[in-house]
Each structure stands twice: as structure tokens, then as C-alpha cells.
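Let's take a walk through this one together, a stop at a time. Keep the picture open and find each spot as it comes up.

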Amino acid sequence: MGPYILKRIFLMIPVLLGITILSFGVMKLAPGDPTSILTDLNPNMNKEAVERIRAHYGLDQPSYVQYFKWLKNMLVLDFGRSFASDNRPVIDKIVERIPITLLINVLSMILILIVAIPLGVMSAVKQNSLFDKGTTVFVFIGFAIPTFWLALLLMILFGVKLDWLPISGFRSLDYPSLSFFEKIFDVSKHLILPIFVSAFGGLAGMSRYMRSNMLEVIRQDYITTARAKGLDERTVIFKHALRNALLPVITLLGLSVPGLIGGSVIFETIFAIPGMGQLFYQAVMMRDYPTVMGILVIGAVLTLLGNLLADVMYSWADPRIRVSG
Amino acid sequence: MDSIYGDFFRRLARNKLAMVGLSVVVILCLVAIFADRLAPYSPTMIDTSKILVEPSWEHPMGTDILGRDVLSRIIHGAGVSLSVGFVAVGISTLIGVVLGAVAGYYSGMVDRVIMRFVDIMLCFPTFFLILAVIAFLQPSIWNIMIVIGVTSWMNVTRLVRAEFLSLRERDFVLAAISQGASDLRVIFAHILPNAMAPVLVAATLGVAAAVLVESSLSFLGLGVQPPNPSWGNMLTEGKDNIEIAWWLSLFPGLAIFITVMGYNLLGEGIRDILDPRLRQ
């Protein structure tokens with residue numbers, strides 16, 4: 001187990017370097033340079049001042065020098081200061097936003113798993129039944145529905161027409177005056193719609209994937225063996241088949257991390273939730289380059305870590321991988 | 001070759017879901033082409049006497065905050081969505097096919113470099129990458145097409161590479177090589193036509209994905225800019241008036257949903273037809 005994990009971590013290094021090179025390349029796409037937003041519209045700027053600012057940010061040096069400087073700063077998590085009016089270090093702004101984004105993503109992943117696995121298993125076991133067909137229709141709807149539209153419809157229904165749930169923010173204005181349990185209730189009420197919306201697309205994909213895994217496993221010889229030795233169908237399905245069909249789900253969970261993180265831009269913006277996605281959107285709208293770059297790199301690194309975690313869990317769950325991989 | 005294509009279309013005609021998808025796609029293309037004649041009103045005509053009118057016979061989908069006819073704007077939005085979808089998929093398919101073919105045909109070092117590049121691209125949350133690039137460029141319909149295209153080719157590369165790895169060893173390829181055909185000829189004239197099936201499926205599903213991304217970007221105000229109608233930026237108005245005008249949120253989203261559903265059904269249908277393992 002130890003050597004396997006070490007090997008995986010070692011293999012991450014070139015990918016990490018690639019991530020930084022690509023991000024740096026994206027930054028170089030900007031017409032002019034990142035400081036022009038500070039200097040272009042400022043009437044007090046003269047040529048020397050512009051040069052001084054460029055030198056301050058190291059922009060007068062060749063690209064590769066700038067890259068290594070940027071990389072060196074990033075190793076100590078220094079992404080520079082935000083161009084926004086608060087002028088705070090980018091890393092602070094990101095770190096205070098990450099927990100809420102992770103919370104929503106983890107909760108929606110759990111929701112995806114507890115709904116999609118039974119759904120996929122049932123429709124595989126009863127292949128071509130009415131239940132299976134109904135699930136397939138649901139899956140196609142899930143694939144085609146734009147997340148932000150679903151969010152709007154649910155906001156109209158539950159927020160405006162029925163007035164059951166709040167439609168923005170993640171806590172009420174009177175939050176500080178609430179008791180502990182009221183606080184939990186308040187936050188949950190705010191998070192129901194965002195979590196449901198962010199889980200919906202993944203639900204469709206996961207239940208479909210689970211169904212095809214299960215169909216594949218049911219056809220294997222060891223399932224026939226289990227049935228032949230007289231085990232009841234329950235044990236065959238839930239003990240022998242399900243365990244094997246669940247294995248690839250671990251990988252899919254790892255692969256769905258970038259989609260979930262990317263999707264957080266949309267639903268955090270719609271529901272006005274102060275997470276990393278909303279920060280990213282605001283940074284993009286304000287052309288706050290240091291923040292955009294910081295989140296881009298951190299988003300990619302989180303994905304890489306998600307994949308690593310999935311690999312490690314897979315090798316823990318399936319000894320065959322450790323031996324051959 | 002004729003019989004193979006004939007067979008393909010016969011199977012396609014028998015696949016009900018694929019035919020539904022194909023009909024949706026064809027109707028949408030016609031709507032986009034004849035938008036000017038089909039739309040009952042001008043999509044940009046402002047009528048201050050008819051602000052936020054509920055759906056009625058005169059305005060089947062109501063009017064928006066500036067009194068513009070929602071149905072006419074949706075009809076004109078079809079062209080935007082479809083052209084972004086087609087151009088973006090064209091770009092991503094071209095990149096994907098070329099890189100996948102090179103990686104699969106030459107293998108070795110070239111293959112390793114290309115596939116590592118794919119790994120790196122897959123690490124970025126695609127939507128972050130797209131937004132970051134848009135932040136550094138300017139949001140315009142051309143930039144969006146290009147950005148969606150250059151951030152969505154990885155899947156095609158993997159598919160084409162896998163096909164090339166297996167086809168490369170086949171007798172007809174060895175025959176072509178031994179007759180002295182150039183690498184280019186072997187790749188494009190001999191192997192590629194046999195590797196196109198999964199590309200066709202990926203491209204069809206890719207149009208659906210691109211339509212979704214375009215509408216999300218326009219919804220966030222980083223895509224097609226008003227007053228040009230796009231289903232995404234119409235939904236922004238829907239959100240701004242969510243408490244008073246449900247029709248502004250319902251209909252543009254329905255248009256996106258039907259379009260994406262159409263391409264998905266068609267793509268899945270083609271996959272069923274082309275994948276021999278699923279044949280009965």
C-alpha cells in the first residue's frame with residue numbers, strides 16, 4: 001500500500017508542473033499585461049510610474065523568469081494580492097471561501113450516492129421493467145436540463161409561489177441572534193436547493209453508470225456460482241454483485257470532482273452563496289487576475305488530490321490493483 | 001461502402017429515440033435558418049406599451065422587461081446556440097482527431113507527451129478554465145466558440161487514440177504500409193475512416209454539451225452580449241424578474257432543454273447502432 005501511494009504521488013509531479021505552466025500561459029493571453037487595469041484609466045499615471053509598476057510585478061523580465069518567480073511564490077502559497085478594492089492576499093480570500101464550497105460539494109456527493117446507487121441497482125436487477133424505463137427517462141432529463149434553469153424553476157416554485165424556502169444566501173439576516181439548533185435549521189433551509197441542484201446532473205450520470213456496472217457484474221461466472229450453490233437472490237445481489245459493481249464508482253467519484261467544483265460557479269452565483277465559485281465569478285467580472293489565477297490553480301490541484309484519493313481508496317478496496325499497478 | 005451507409009441509415013430509421021432526436025435537430029436547424037420569416041415580431045423591437053405582458057394569443061410566450069416578444073427572441077436565439085455548438089465541436093473534433101491519431105499511430109514518446117497533456121487538461125475544472133480565458137480575452141460569440149472548442153477535445157483524443165492503437169496492427173494497414181504509402185496517407189486514408197464511429201457519437205453529444213456551456217456563460221453575462229438574443233442571456237432577465245414574470249424563466253430554458261435532449265437522443269441512438277456489442 002505504502003509504495004503504491006508513493007508512486008502515485010511521484011507521478012503527480014509532472015502533472016502539477018503542467019498545471020502551473022498552462023495556467024501561466026492562460027495569464028499571458030491577456031492583451032497588454034495584467035497591470036494595465038491599474039494604469040490605463042488612471043490619469044495620474046505617467047510613463048515612469050507605469051514602468052515602475054511593471055518592474056514591481058516583474059513584468060519587465062522575460063517570460064520564463066516571470067514563470068519561475070511565480071512558481072516559487074506559489075510553492076509557499078503566495079498568489080499575490082487581489083486587484084479588488086480590499087487589496088488582500090489572494091490566498092486568504094480563497095481559504096475563507098473553500099469550506100462552504102467543499103461542504104456543499106461533499107453533501108451533494110453523498111446525496112448522489114444514496115440516491116443513485118439503489119436506483120442503478122434496482123433498474124439493473126429489473127432490466128426493461130417499467131421502473132427501469134422510468135429511471136432511463138429520468139437519466140435523460142438529468143443529462144439535458146441546464147443546472148441554472150433547474151435552479152430558477154425551483155426558486156420560482158419553492159421560493160416565490162410556495163414561499164417555503166429562502167432563495168439566496170446561506171444564512172438569514174437574524175442569524176447571529178438564533179440559538180444553536182435554530183442556526184443549524186436556518187443554514188439547512190438555505191442549503192437544500194443548492195445541494196439538490198448541484199447533485200441533480202451527477203445523479204443521472206451516476207445511476208446510469210451504476211446500472212451498467214451492475215448489468216456487467218450480474219453476467220459474471222461467480223454470480224452464476226453463487227446462485228448455483230443455492231444462495232438466495234438477496235445475498236447474491238447485495239453481497240456478491242453489489243460489492244464488485246461499487247468498485248468503479250470510486251473512480252467516477254474522483255473524476256466528477258472538476259465538474260462539481262466548476263459547477264459551483266453557477267449555483268453559488270444564482271443562490272448568492274459566498275463560496276469559491278462566487279469569488280471566482282466576481283474575480284472574472286472585475287478582471288482581478290491574481291485571484292483568477294489562484295483559484296484556477298487551486299481548483300486544478302483539488303481535482304488532482306480528488307483523483308489521488310480515489311486511486312488510494314480503490315487500491316484499498318481492490319487488492320488486485322495494488323499487486324498489478 | 002454504399003451498403004454499409006445504407007445499413008446505418010436503415011438502423012437509424014428503426015431506432016425510435018434516435019429519430020425523435022434527429023427530428024428535433026432538423027427542426028431546430030430549420031428554425032435557425034428561417035428565423036426571420038418564422039418570428040412574428042422583431043427580436044429587438046422595444047415596445048414600452050407592452051412591458052412584461054403575460055403569455056397570450058398575441059404573445060404566446062409573453063414579453064420581456066423592454067416589451068420585446070419572447071417567442072421571437074427564442075426563435076432568433078436558436079441560430080446563436082446552434083452555431084456556437086457546431087463551430088465549437090468542429091474545433092474540438094479537429095484537435096482531438098489529429099492529436100489522437102498522432103498519439104495512437106506513432107505511440108512511444110509522442111504518445112506519452114500528448115496523453116500527459118490530456119491528463120493535465122482534465123485536471124482543470126473545465127468551467128473555471130473557460131471563465132479564466134474569457135476573463136483575459138473579451139466575451140464575444142467568436143471567443144466563446146474557440147474557448148469551448150479548445151477546452152473540450154480531450155475525450156475525442158482518447159477515443160481516436162484507442163481506435164488507432166488497435167487498428168494499426170490490422171492486416172489492411174500493414175498492407176498499405178508495405179505498399180509504400182506515406183504516414184499521412186495511412187493515417188487519413190486508411191485508418192481514420194475506420195475510426196470515425198466513436199468520433200461521430202462524441203461530436204453529436206459534444207454539440208449538446210457546447211449548447212449547455214454557451215447558455216451558462218451567457219447566463220452569467222460572459223457569453224453572447226445583449227441586445228443579441230441568446231437563450232442564456234434571456235434567462236438572466238428571467239432571474240432578475242423571478243418574482244414577477246415566470247415566463248421569462250420558463251421558455252428559454254425549455255428551448256435549451258429540448259435542444260440538448262435532441263442531440264443527446266441522436267448521439268445515444270448512433271452509439272447503439274454503431275456499437276456491435278449492443279446489437280441483438
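This is a predicted model: local features need pLDDT of at least 70, side-chain atom pairs count only at pLDDT 80 or more; totals for chains, interfaces and linings use all residues.

Start with helix α3 of chain A, residues 47–56, which is hardly covered: of its 10 residues, the number that are buried is 0. Just after α3(A) comes A:Gly58, whose phi is positive, at about 75 degrees.

Chain A has a mean pLDDT of 82, with 93% of its residues at 70 or more. Which helix of chain A has the lowest confidence? That is helix α2 (residues 36–39) of chain A, with a mean of 62, while α12(A) has the highest, at 89. For chain B, the mean pLDDT is 86, and 97% of its residues reach 70 or more. For the complex, the predictor gives an ipTM of 0.81 and a pTM of 0.85.

Back to chain A, and to a couple of loops. A:Asn128 sits in the loop between α5 (90–125) and α6 of chain A. Its phi is positive, about 70 degrees, although A:Asn128 is not a glycine. Is A:Asn128 buried or exposed? It has 9 other C-beta atoms within 10 Å, and 12 or fewer counts as exposed, so A:Asn128 is exposed. Now look at the loop between α12 and α13 of chain A, where you'll find A:Arg287. A:Arg287 isn't a glycine either, and it has a positive phi of about 55 degrees. A:Arg287 is partly exposed, because it has 15 other C-beta atoms within 10 Å.

Next, see how two helices of chain A sit against each other. Two packed helices are described by the angle between their axes and the distance between the axes. For α9(A) and helix α10 (residues 233–255) of chain A, the angle is about 145 degrees and the axes are 10 Å apart. Their crossing is right-handed. Which residues meet there? From α9(A) come A:Tyr222, A:Ile223, A:Ala226 and A:Arg227, and from α10(A) come A:Val236, A:His240 and A:Ala241. Sorted by type, the residues of this contact are 5 nonpolar, 1 polar and 1 charged.

Zoom in on A:Ala226, which belongs to helix α9 (residues 221–228) of chain A. Leaving out residues up to four places away in sequence, A:Ala226 touches A:Leu231, A:Val236 and A:His240. Take the pair A:Ala226 and A:His240: they're 14 residues apart in sequence, and their C-alpha atoms are 7.8 Å apart in space.

Time to move over to chain B. It has 13 helices and 0 strands. Its C-alpha trace spans about 75 × 45 × 30 Å along its principal axes. Of the 280 residues in chain B, 45% are buried. If you take the contacts in chain B with a separation of 6 or more, residues 24 or more positions apart account for 69% of them.

Finally, where do the chains meet? The contact takes 40 residues from chain A and 35 residues from chain B. On the side of chain A that touches chain B, at least two residues each come from α1 (2–27), α6 (130–144), α7 (147–161), α11 (257–270), α12 (276–286) and α13 (289–317) of chain A. The largest share of that side, 8 residues, comes from α11(A). By type, the residues of the side of chain A that touches chain B are 33 nonpolar, 6 polar and 1 charged.

One last stop is the largest nonpolar core, with 145 residues. Which of them touch the most other members? They are A:Phe280, A:Val292, A:Ile295 and B:Leu131. Setting aside neighbours within four places in sequence, B:Leu131 is in contact with A:Val265, A:Phe280, A:Val284 and B:Leu222.

Key
Residues are numbered from 1 along each chain as its sequence is written. Chains are lettered from A and ligands numbered from 1 in the order in which they are written. pLDDT is the predictor's confidence in each residue, from 0 to 100. Helices (H or I, at least four residues) and strands (E, at least two) are DSSP runs, numbered from the N terminus. A residue is buried if 20 or more other C-beta atoms lie within 10 Å of its own, exposed if 12 or fewer, and partly exposed in between; C-beta atoms are placed from the backbone. Two residues are in contact if their C-beta atoms, placed from the backbone, lie within 7 Å. Ala, Val, Leu, Ile, Met, Phe, Trp, Tyr, Cys and Pro count as nonpolar, Asp, Glu, Lys and Arg as charged, and the others, Gly among them, as polar. A nonpolar core is a set of buried Ala, Val, Leu, Ile, Met, Phe, Trp, Tyr and Cys residues joined through C-beta atoms within 7 Å. Axes are lines fitted to C-alpha atoms, for helices over the stretch in contact, and angles run from 0 to 180 degrees between N-to-C directions. A crossing is left-handed if the near helix is turned anticlockwise from the far one by less than a right angle, and right-handed if clockwise.
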